[in-house]
Amino acid sequence: MCVPGQLSKRQSALLSAALRHIRDAEHLGAPEQPHTSPDQAYHLAGFGPECARKATLANRWSDKPLGHTMGRPADPLLEFALALDPTAARYNPLDWGTRYPALSTWDPQCRYEATGTRTRQEVELLLGEASRAVQEILAALWADGRLPDGSFEARRAP
């Protein structure tokens, strides 16, 4: 059961996934790692903000129609979802094309690109924007007291 005002289990799971996608992208994109994959880092980085944005919406009906789309293609549906869920508007999920230009051009179809397509600079730019978008949402949810205690503490693999 969700405490009033706190995120539902589904919202918490989406936010957890957002943080995991960012962390995994950072690991795969770090040049000091023995096994890097800039292309996979680029691919994963875009999923973080997409999951975080969905975590702000109380109604789950919009998950599939929103899909993994960022920027202008998703904005009309997102505006409609926000009209039905005005609390989510507090987390500023619109107009990401202006605030995050690299993120707004990300497309999940990049997973089919040839290895070596993405440069380290592209990855760093996208990952920086993706990380900022997720952290801004996380910080606002925390400030509003909507995160269950201890739910997003740093977890490390053994």
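I take helices (H or I, at least four residues) and strands (E, at least two) as DSSP runs numbered from the N terminus. The model I am reading is predicted, so that local features need pLDDT of at least 70 and side-chain atom pairs count only at pLDDT 80 or more, while totals for chains, interfaces and linings use all residues. Residues are numbered from 1 along each chain as its sequence is written, and side-chain values use heavy atoms, with hydrogens and water left out.

**Entry 1. Overall make-up**

I counted 7 helices and 0 strands in the protein, and reading along the sequence I noted the pattern α-α-α-α-α-α-α. Of the 158 residues, 45% are buried, where buried means under 20% relative accessible area, exposed means over 50% and partly exposed lies in between (1.4 Å probe, protein chains only). I then looked at contacts, meaning heavy atoms within 4.5 Å, and found that among those with a separation of 6 or more, 69% join residues 24 or more positions apart.

**Entry 2. H1 against H2**

Two packed helices are described by the angle between their axes and the distance between the axes. For helix H1 (residues 9-29) and H2, I found that the axes come within 7 Å and cross at roughly 160°, which makes H1 roughly antiparallel to H2. The axes are lines fitted to C-alpha atoms, for helices over the stretch in contact, and the angles run from 0 to 180 degrees between N-to-C directions; angles under 35 degrees count as roughly parallel, over 145 as roughly antiparallel, 65 to 115 as roughly perpendicular and the rest as oblique. The crossing of H1 and H2 is left-handed, a term I use when the near helix is turned anticlockwise from the far one by less than a right angle, clockwise being right-handed.

The H1 side of this contact includes Leu14, Ala18, His21 and Leu28, and the H2 side includes Gln40, Leu44, Phe47 and Lys54. By class, I listed 16 nonpolar, 5 polar and 2 charged residues in the contact of H1 with H2, counting Ala, Val, Leu, Ile, Met, Phe, Trp, Tyr, Cys and Pro as nonpolar, Asp, Glu, Lys and Arg as charged, and the others, Gly among them, as polar.

I also looked up Lys54, which is found in helix H2 and counts as buried at 8% relative accessibility. Not counting residues up to four places away in sequence, Lys54 touches Leu14, Arg60, Asp63, Leu66 and Gly67.

**Entry 3. H2 against H7**

The axes of helix H2 (residues 38-55) and helix H7 (residues 120-143) come within 9 Å, crossing at roughly 20°, and H2 is therefore roughly parallel to H7. I noted a left-handed crossing here. Among the residues that meet are Tyr42, Ala45, Pro49 and Arg53 in H2, with Glu122, Leu126, Ala133 and Ile137 among those in H7; the residues of this contact divide into 13 nonpolar, 2 polar and 3 charged.

Within helix H7 I picked out Ala133, which at 1% relative accessibility counts as buried. Leaving aside neighbours within four places in sequence, I found Ala133 in contact with Pro49, Trp96, Tyr100 and Leu103. The C-alpha atoms of Ala133 and Arg53 are separated by 8.7 Å, although these residues are 80 apart along the chain.

**Entry 4. The two sides of H4**

Which residues of helix H4 (residues 75-84) are buried? I found Asp75, Leu78, Ala81 and Leu82 to be buried, and, seen down the axis of H4, the buried residues fall within an arc of 120°, so they line one face of the helix; the arc is that of the directions from the helix axis to the C-beta atoms. Pro76 and Ala83 are exposed on the other side of H4, while the cover over its buried residues includes H2 and helix H3 (63-66).

**Entry 5. Loop residues**

Arg111 sits in the loop between helix H6 (101-104) and H7 and is partly exposed, with a relative accessible area of 38%. I noted 7.3 Å between the C-alpha atoms of Arg111 and Gln40, which are 71 residues apart along the chain.

Most residues other than glycine have a negative phi. In the loop between H4 and helix H5 (96-99) I found Asn92, whose phi is near 50°, a positive value in a residue other than glycine; Asn92 is partly exposed, with a relative accessible area of 41%. Asp95 lies in the loop between H4 and H5, with a positive phi near 60°, and at 42% relative accessibility Asp95 counts as partly exposed.
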